[in-house]
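Visitor: I would like to learn how to read the packing of helices in a model like this one. Could you take me through it step by step?

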Amino acid sequence: GSISNMDDVERCLEETGADGVMVSEAILEYPPLFMQTNVEATNYKRTCPGRLQMAEDYLELCKEYPPDAGGQGSGLKCIRAHLHRFLHADLQTHTIVRDAVVRSFSMEAADNAVKMVRDIHKEINHDPTREQLSWYVRHRVDWEEGFENKNPEPVPEKVFVEEKKVEEVEDEADDGGCGFSPSDPFGESCGVEDG
């Protein structure tokens with residue numbers, strides 16, 4: 001357990017003598033986990049694609065190979081869950097984007113939510129090399145009590161929220177009256193057929 005980068009993999013293999021390691025949650029947030037990224041050798045900088053690029057690439061793959069059924073859901077429910085993991089750090093700060101992801105009941109709406117992140121990153125001059133895992137460590141650390149983030153992302157002074165974006169999200173939120181529920185963040189029980 002607790003494999004979050006290649007340093008962890010190498011330590012685990014050395015200490016246990018095992019032939020391999022298993023990774024679960026961390027790789028859901030950042031699939032290039034087995035690359036030399038966010039490790040001591042790179043001064044804990046992300047050297048592989050940033051989370052926005054991951055989300056954009058993922059959506060392109062979903063268009064080419066639609067996730068019709070399987071796993072814990074089907075179609076857009078699966079896509080929303082993956083976008084939430086990839087973009088977790090952004091969704092914690094930019095709740096309007098979080099709402100847009102939650103209400104993405106079409107590929108166009110999912111694309112628009114990811115475009116909102118791109119606009120925000122451009123506005124705040126986001127540096128993907130400073131990204132760290134967020135969703136994977138969400139329950140493990142008290143960020144105020146001493147988790148040592150070796151390469152912290154700066155907190156933007158200006159949170160990018162425009163009235164136009166609010167209106168776009170509200171317009172796209174035609175979710176059959178389901179709305180957002182903390183107990184059902186991906187709209188699984190609202191009865192909406194999403195594909």
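Guide: Two packed helices are described by the angle between their axes and the distance between the axes. Here helix 6 (residues 95-102) and helix 7 (residues 107-123) pack at about 160°, and their axes lie 9 Å apart; helix 6 is therefore roughly antiparallel to helix 7, a term for angles over 145 degrees. Axes are lines fitted to C-alpha atoms, for helices over the stretch in contact, with angles running from 0 to 180 degrees between N-to-C directions, and helices are DSSP runs (H or I, at least four residues) numbered from the N terminus. The model is predicted, so that local features need pLDDT of at least 70 and side-chain atom pairs count only at pLDDT 80 or more, while totals for chains, interfaces and linings use all residues. Residues are numbered from 1 along each chain as its sequence is written, and side-chain values use heavy atoms, with hydrogens and water left out.

Visitor: What is the handedness of the crossing of helix 6 and helix 7, and which residues meet there?

Guide: The crossing is left-handed, which says that the near helix is turned anticlockwise from the far one by less than a right angle, clockwise being right-handed. Ile96, Val97, Ala100 and Val101 of helix 6 meet Ala113, Met116, Val117 and Ile120 of helix 7, where contact means heavy atoms within 4.5 Å. By class, this contact of helix 6 with helix 7 comprises eight nonpolar, no polar and no charged residues; Ala, Val, Leu, Ile, Met, Phe, Trp, Tyr, Cys and Pro count as nonpolar, Asp, Glu, Lys and Arg as charged, and the others, Gly among them, as polar.

Visitor: At what angle do helix 3 and helix 4 pack?

Guide: Helix 3 (residues 51-64) and helix 4 (residues 75-86) pack at about 165°, with their axes 9 Å apart, so helix 3 is roughly antiparallel to helix 4. Helix 3 passes helix 4 in a right-handed crossing, and the contact of helix 3 with helix 4 has nine nonpolar, one polar and one charged residues.

Visitor: Is Asp111 buried or exposed?

Guide: Asp111, which lies in helix 7, counts as buried at 17% relative accessibility, buried meaning under 20% relative accessible area, exposed over 50% and partly exposed in between (1.4 Å probe, protein chains only). Leaving aside residues up to four places away in sequence, Asp111 touches Leu59 and Lys63. Lys45, in the loop between helix 2 (25-29) and helix 3, is partly exposed, with a relative accessible area of 33%.

Key:
Helix = DSSP H or I, 4+ residues; strand = E, 2+ residues; numbered from the N terminus. Parallel < 35°, antiparallel > 145°, perpendicular 65-115°, else oblique.
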